[in-house]
Amino acid sequence: MKKIAFFPGDGIGPEISSCARQVLECVMDLGGPAVEIQEGLVGGAALDAEGEPLPAASLDLALAADAVLLGAVGGPKWDGLPPEKRPEQGLLRLRKALDLYANLRPAQIFPQLVDASPLRPELVREVDILVVRELTGDIYFGEPRGREEVDGKRRAYNTMVYDEDEIRRIARVAFRAAQGRRGKLCSVDKANVLECTRLWREVVTETAQEFPDVQLEHLYVDNAAMQLIRYPAQFDVLLTGNMFGDILSDEASQLTGSIGMLPSASLGEGRAMYEPIHGSAPDIAGQDKANPLATILSVAMMLRHSLAAEAWALRVEKAVTAVLDQGLRTADIAPPGTPVIGTAAMGNAVVAALRGGSA
Ligand code: IPM
Ligand code: MN
């Protein structure tokens, strides 16, 4: 039986991940892949209980699991802590320890939500982008890093660094993804200024030789940010480093109406973690307001990539489409003045749709 490590985390994390867990349990109940779910602490929840953002027991749980399902981490409560004690460190250490270098962030428009996008419908109707974000390198992990005081003046620094192997392996993931889609890859860099990303462009261009059927282009990150708003349908697969991908995937989420709709898969060699791309939204935590669909769609990605259950992944995705067709909306995706439902009701509606009934 496959083992799933389950980390609800902080803020809205527990609410949304409990919906996702129900969906996974429902899939099992209906005859889908059998999994054993083991819960652990990460982020602020772990700091409060154990004084560590990623306690050894949680890391062991994740290392022993076939896949990790995570809610979200972080919150103002822990903002004052030193860098190594921040909740986000729990997530970053998990990604690094499991070597989850390939972060897949699909930004796909649901036709039912075209009007929820801040952009005009004709701009977003065709949007179907896969952001492939490198997740274990770049300025997030580069050394040296730190903060010091020199002659009474504070200074702080980080290092943007990639070696060619790191670039090549993520580039291959992106090229392969493009082969399975519309055959277009856009690699994002800042090669006009940064040596690190000049190497990025060089290695991506070399790697393209292995994939003659994929059409490769390069964009500077500032231009990519602009093009995502100007004409988003031009993109198929967007390949980015860790930091540019963090920023551009949030931007891409807005094309689809709400960051509350976007799932992600973080893949390594044989290990994987699934989480929504949004954060812990402390402002609405505990109020039954959050949209659980991004986390539920992350379960679909888990079924697809870790549990070899494509048909079940599609069924979960269809159940999400069905609740949207029923007109059910959490606050983030509801047009102004229209009825909204809460987190739990949305989760229940997806489970009901999965079972083939209505909510
Ligand atoms: C994300 C988040 C994380 C990141 C934070 C919480 C560390 O913003 O998954 O995009 O920056 O990678
Ligand atoms: Mn982010």
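The model is predicted; local features need pLDDT of at least 70, side-chain atom pairs pLDDT 80 or more, while totals for chains, interfaces and linings use all residues. Residues are numbered from 1 along each chain as its sequence is written, ligands from 1 in the order written, and side-chain values use heavy atoms without hydrogens or water.

Next, the shell. I listed Glu-88, Leu-91, Arg-95, Arg-105, Arg-133, Tyr-140 and Asp-246 around ligand 1 (a heavy atom within 4 Å). Five are charged, two nonpolar and none polar. Helix 4 (residues 87–97) gives the largest share, three residues. Domain 1 (1–101 + 262–359) and domain 2 (118–255) each supply at least three; the bounds come from an automatic or database assignment.

Then polar contacts (N or O pairs within 3.5 Å). Polar side-chain atoms lie 2.7 Å from a ligand 1 oxygen for Arg-95, 2.8 Å for Arg-105 and 2.9 Å for Asp-246. Taken alone, ligand 1 exposes 320 Å², and the protein buries 79% of that (Shrake-Rupley, 1.4 Å probe).

Last, the backbone. Most peptide bonds are trans, and most residues other than glycine have a negative phi. I found a cis bond from Glu-143 to Pro-144, omega near -5°. Asp-138 has a positive phi, near 70°. Pro-144 is in the loop between strand 5 (128–134) and strand 6 (146–150), and Asp-138 lies in the loop between strand 5 and strand 6.

How values were computed. Polar contact = N/O pair within 3.5 Å; in protein donor to acceptor, adjacent residues only side chain to side chain. Helix = DSSP H or I, 4+ residues; strand = E, 2+ residues; numbered from the N terminus. Nonpolar A, V, L, I, M, F, W, Y, C, P; charged D, E, K, R; others polar.
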